[in-house]
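This briefing goes through a structure with two chains, topic by topic. Please keep the sequence and the 3D view open while reading.

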Amino acid sequence: MGIDLPLLWAIIIGVGLMMYVVMDGFDLGIGILFPFVADRADRDTMVNSVAPVWDGNETWLVFGGAAMLAAFPIAYSVILSALYLPLILMLVGLIWRGVAFEFRFKADEGHKGLWDKAFACGSYTATFCQGVSLGAFIDGFKVEGGAYAGGLLDWLSPFSVFTGIGLLLAYALLGATWLVMKTEGDLQRKMRKISLRFVPMLLVAIFIVSLWTPFSHPAIAQRWFSFPNVVFLAPVPILVVLATWALSKTLSSESHALPFVLTLMILFLGYSGLAISMWPNIVPPGISIWEAASPPQSLGFALVGALFIIPFIMAYTAWSYYVFRGKVRAGEGYH
Amino acid sequence: MFGLTALELARIQFGFTVSFHIVFPAITIGLASYLVVLEGLWLTRKDPVYRDLYHFWSTIFAVNFAMGVVSGLVMAYEFGTNWSFFSAFAGPITGPLLAYEVLTAFFLEAGFLGVALFGWNKVGPGLHFFATAMVALGTLISTTWILASNSWMQTPQGFEIVDGRVVPVDWLKVIFNPSFPYRFAHMTIAAFLSTALFVGASGAWHLLRGNDNKRTRKMFSMAMWMVLAVAPVQIVVGDAHGLNTLEHQPAKIAAMEGHWRNKPGEGVPLILFGIPDMETEQTRYSIEIPRLGSIILTHSLSGQFKGLAEFERRDRPNSLVLFWSFRVMVGLGMLMLLLGALGLFLRWRGQLFENRIFLRFAAVMGPSGLIALLAGWYTTEIGRQPWVVYGVMRTEDAVSNHSALALSLTLVIFVVVYFSVFGLGVSYMLKLVGKGPLETDHTATPREQGQSPRPSRPLSAAPDNVDPIPGRKDK
C-alpha cells in the first residue's frame with residue numbers, strides 16, 4: 001500500500017488531541033477561574049457559556065484513548081502505565097467536575113456552593129495532571145523490551161510540576177478570553193483584567209519551558225538550533241511573541257473575539273513546537289510512530305471507520321458552536 | 001492491602017470500575033428499545049398513554065446515558081494503565097474493535113440522540129421515530145463491537161502471532177468468533193430483561209403507593225409481558241451459551257459446576273449446593289441430583305465432561321467463586337421465570353394490579369436483572385482465568401508493573417469517587433422514577449416545562465427541579 005498508515009494515524013490522533021486541548025481547555029479554564037469570581041450570578045453565566053458544548057469536548061479524549069490503543073498499542077501501553085497516577089487522578093478529576101457541572105444546575109440553592117467547589121477542584125486536578133503528564137512525556141520514558149521499565153513516580157520532576165502549573169495558566173487564560181468573547185458588562189471587564197494579568201505569566205512560563213526543554217535534551221536542542229533548522233523554525237517563537245503582544249493590545253481594546261483567537265493561536269504554536277521537538281517519536285526518547293504502530297491490517301481496518309465517522313462528529317461540533325454563538329447574559333441561558 | 005498481590009488488586013480495580021460501568025449501558029440498551037416500542041405504539045394507536053410514558057422514560061434514559069458515558073471514559077484508559085502488556089500484545093485486535101465502539105457511540109450521540117431527546121416538537125413524528133430507532137440501533141451496534149472484543153479474548157481466532165504480538169489475519173473470523181453469537185444474544189437479552197424488571201418494579205412501586213393510573217398500569221403491564229416472554233428465552237439461550245463454553249472453555253464449566261472428576265461409566269450429578277475447595281480438589285457439603293449435570297450439559301443420561309482435577313493446577317479458574325456466581329445468576333433467572341408466570345396467572349384472574357404480595361415481589365425484583373447480569377459477567381470473566389486471552393496470554397503476563405501500594409491507593413480513590421458520584425447519579429435517577437409518569441401538555445416543549453434552557457446534552461433532558469442529593473424535598 002502506498003499510504004503511510006502510521007503517519008496518517010499520527011495526524012488523526014494529533015488533531016484529535018489538539019481538538020481536545022482547545023475545546024476542553026477553555027471549559028476547564030472556567031473551573032480554574034471560579035475562585036476568582038465570587039458572585040453567584042457571574043458563575044452561572046460562566047457555566048452557561050460552556051454548557052451546550054462541554055460534554056462534546058471530552059469525547060475527543062475518549063476517542064484519543066481508543067485510537068491510540070488501535071493505532072499505536074506500544075505507545076498506549078508504555079505511556080499509560082508510566083503515567084498511571086496522574087492519568088487516574090485526571091480521569092477522576094474529569095468525572096468529578098463533569099458530574100458537579102450537571103448537578104449544579106439541578107441542586108437546591110443551599111447545595112450550589114458545594115457543587116461549585118467540586119467543579120473548581122475537579123478542574124484544577126484534571127488540568128494540573130494533564131500538564132504534569134505533558135512534562136513527563138517531554139522528558140521521556142524508560143523503556144526496556146518494548147515495555148515501561150521505570151518507577152511509579154518517574155513522572156514527578158520539577159519540570160513536570162512546572163508544566164502542570166503552566167497548563168493551569170494556559171487554560172485559565174483560554175477560559176478568561178473565552179468569557180471576554182461570550183459575556184458583557186462587569187463580568188467581561190473583570191475577565192479582561194484577569195487575562196491581562198495572566199498574559200505575562202503565561203509568556204514567562206512558555207519562555208522557561210522553551211529553554212528548559214532543549215537544555216535538558218540535546219537532541220531537541222539539535223533540532224531547533226542547528227542550521228538551517230534554526231531559520232525554518234524561527235517563525236514559531238517569533239509568532240508566539242507577536243501573538244502575545246497582540247493579545248495584550250486587544251485585551252485593552254474593545255475587541256471581543258480577538259483575544260480568544262490569539263490565545264488559541266498561542267496554544268496552537270506551543271503544540272506545534274512540541275510536535276517539532278518530538279517528531280517522529282511517539283514514545284520519547286526512542287520509539288517512533290512507525291515502531292509503535294499496529295500492523296497495517298489493524299490500521300487500515302480502523303481507518304475506514306474513523307474516516308467515515310470523524311467528519312460527522314466535526315460537522316456536528318461546528319454546528320453546535322454555530323447554534324450557540326453570541327453573548328450569554330446573566331440570568332438567562334440559551335434560547 | 002489485605003495481603004492481596006498486585007495482580008489481584010489490578011483485577012479488583014478493573015472489575016470494580018467495569019462493574020459500575022456495565023450497569024448503565026445495560027439499562028441504556030434496554031430503555032432505547034423500550035422507547036422505540038412506546039413511540040411506535042403511540043404513532044399507530046394514538047393513545048396518549050404511550051406518549052406520556054415515552055417522555056417519562058426518555059428523561060431517565062438521558063441521565064442513565066450520561067452516567068454510562070462518564071464511567072466509560074475511565075475504561076478507555078484502564079487497558080493501558082493497568083494491563084499494559086495486554087495492550088501492547090493484543091492492541092492490534094482489541095484496539096480497532098474498541099475504537100469502533102467509541103466511534104459508534106459518538107456518532108449516535110452526535111447524530112440522533114439530540115433529536116430523540118429534544119426534537120419532539122421540532123421535527124415531524126416520522127423523523128423523530130426514526131431518530132429514536134437509530135439510537136436503539138446504535139446501542140446494539142455498540143454492544144456488537146464491545147462483545148466482539150470480549151468474545152475474541154474468550155475464544156480467539158483469525159489471528160497469528162508475529163514478533164510477540166497478535167496480527168489480525170481475518171477480521172470476519174475475529175469478530176464472529178465462536179462465542180460471540182451466544183454472548184451477544186445472552187447479553188442483549190439480559191439488558192432487555194434487566195430493563196423490564198426495572199420498569200416493572202417502578203410500576204409496582206407506584207401502584208403500591210396508590211399512584212394507580214392508566215400510565216403506571218400500562219408500564220407495569222408491559223414490563224410483566226416482557227418478563228414473561230423473555231425470561232424463558234434467556235434460559236434457553238443461556239443453556240446454548242453453556243454448551244458453547246463447554247466446547248471451548250471446559251475448565252470454566254467444570255469450575256462452575258464444582259465438578260472435579262468423573263466416575264467411570266457414570267453420569268455427572270448436578271450439585272445444587274456445596275463449597276468447592278481448590279486445595280483438596282473436592283466440593284464439600286454437596287447436595288447432588290444424580291445425572292442432572294449430564295442431562296444439562298451433554299443432553300444425555302450418562303454423558304461425561306472433564307472435571308477440574310483433570311486440568312493442571314495452574315490452569316484452573318477459581319471454582320468457589322464461579323460455583324456461586326453462576327448459582328446467583330441462575331437462581332435469579334428462576335425467580336424471574338416465576339415472576340412472569342405469576343403475572344400471567346394474576347392477569348388471567350384479573351388481579352395483576354391489585355395483588356399487593358405480587359406487587360411487592362415485582363418491586364423487590366427491580367435490581368435482580370442487573371445483579372444477575374453482574375453475576376453472569378463475573379462467571380464468564382473469572383472463569384476465563386488464568387488467561388486474559390484464552391489459551392494465548394496469561395493474566396499474570398498482561399498486568400502492568402505497578403506495586404500493590406500504588407494499586408491500593410488508586411483503588412481507594414476509585415471506590416470513594418465512584419460511590420459518591422454514581423451513587424448520586426443513581427439517587428437522582430430513582431428520584432425521577434419516584435415522580436412517576438405525568439399526563440403532560442405536549443404542546444409545550446420539554447424545555448418550556450420549568451427547564452433552564454441548556455439543550456444538547458443528555459443530562460439537560462432531565463428536569464432541574466429535582467435535587468440530586470438524596471433525602472431532600474423537591475423545590
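Predicted model: local features only at pLDDT ≥ 70, side-chain atom pairs only at ≥ 80, totals over all residues.

In which loop of chain B does Glu281(B) lie? Glu281(B) lies in the loop between strand E3 (270–277) and strand E4 (282–289) of chain B.

**Positive phi angles in chain B**

- Glu281(B) is not a glycine, yet its phi has a positive value, near 55°.
- The place of Arg291(B) is the loop between E4 and helix H9 (292–298) of chain B.
- Arg291(B) has 17 C-beta neighbours inside 10 Å and therefore counts as partly exposed.

**Cis peptide bonds in chain A**

- The peptide bond that leads from Phe227(A) to Pro228(A) is cis, and its omega is near 5°.
- Pro228(A) sits in the loop between helix H9 (218–225) and helix H10 (229–233) of chain A.
- Another cis peptide bond runs from Pro284(A) to Pro285(A), with omega near 5°.
- Pro285(A) belongs to the loop between strand E3 (281–283) and strand E4 (287–288) of chain A.

**Chain A as a whole**

- Chain A contains 14 helices and four strands.
- Taken along the principal axes, the box filled by the C-alpha atoms of chain A is roughly 55 × 40 × 40 Å.
- The radius of gyration of chain A is 20 Å, which agrees with a compact globule, because a globule of 335 residues would have a value near 20 Å.
- Of the 335 residues in chain A, 52% are buried.
- Counting contacts in chain A between residues at least 6 apart in sequence, 76% join residues at least 24 apart.

**Chain B as a whole**

- Chain B contains 14 helices and six strands.
- The C-alpha trace of chain B spans about 70 × 55 × 45 Å along its principal axes.
- For 475 residues, a compact globule would have a radius of gyration near 23 Å, so the 24 Å of chain B agrees with that.
- In chain B, 51% of the 475 residues count as buried.
- Among the contacts in chain B with a separation of 6 or more, 74% are between residues 24 or more positions apart.

**Two helices packed inside chain B**

- Helix H7 (residues 214–248) and helix H10 (residues 319–349) of chain B have axes 8 Å apart and pack at an angle of about 140°.
- H7(B) is therefore oblique to H10(B), since an angle has to be over 145 degrees to count as roughly antiparallel.
- The crossing in which H7(B) passes H10(B) is left-handed.
- On the side of H7(B), the residues in contact include Met224(B), Val227(B), Leu228(B) and Ile235(B).
- On the side of H10(B), they include Gly333(B), Met336(B), Gly340(B) and Leu344(B).
- By class, the contact of H7(B) with H10(B) has 10 nonpolar, four polar and no charged residues.

**The contact between the chains**

- Chain B gives 54 residues to the contact, and chain A gives 58 residues.
- On the side of chain B that touches chain A, two or more residues come from each of helix H2 (48–82), helix H3 (84–118), strand E2 (165–168) and helix H14 (404–435) of chain B.
- H3(B) supplies the largest share of this side, 18 residues.
- The residues of this side of chain B are 33 nonpolar, 15 polar and six charged.

**One helix pair across the contact**

- Helix H4 (residues 73–82) of chain A and H2(B) have axes that come within 7 Å and cross at roughly 85°.
- This angle is why H4(A) counts as roughly perpendicular to H2(B).
- Tyr76(A), Ser77(A), Leu80(A) and Ser81(A) in H4(A) are in contact with Tyr77(B), Gly80(B) and Thr81(B) in H2(B).
- The residues of the contact of H4(A) with H2(B) are three nonpolar, four polar and no charged.

Conventions
Residues numbered from 1 in each chain as written. Chains lettered and ligands numbered in written order. Contact = placed C-beta atoms within 7 Å. Nonpolar A, V, L, I, M, F, W, Y, C, P; charged D, E, K, R; others polar. Axes fitted to C-alpha atoms, helices over the stretch in contact; angles between N-to-C directions. Parallel < 35°, antiparallel > 145°, perpendicular 65-115°, else oblique. Left-handed = near helix turned anticlockwise from the far one by under 90°. Rg over C-alpha atoms; globule rule 2.2 N^0.38 Å. Buried ≥ 20, exposed ≤ 12 C-beta atoms within 10 Å, placed from the backbone.
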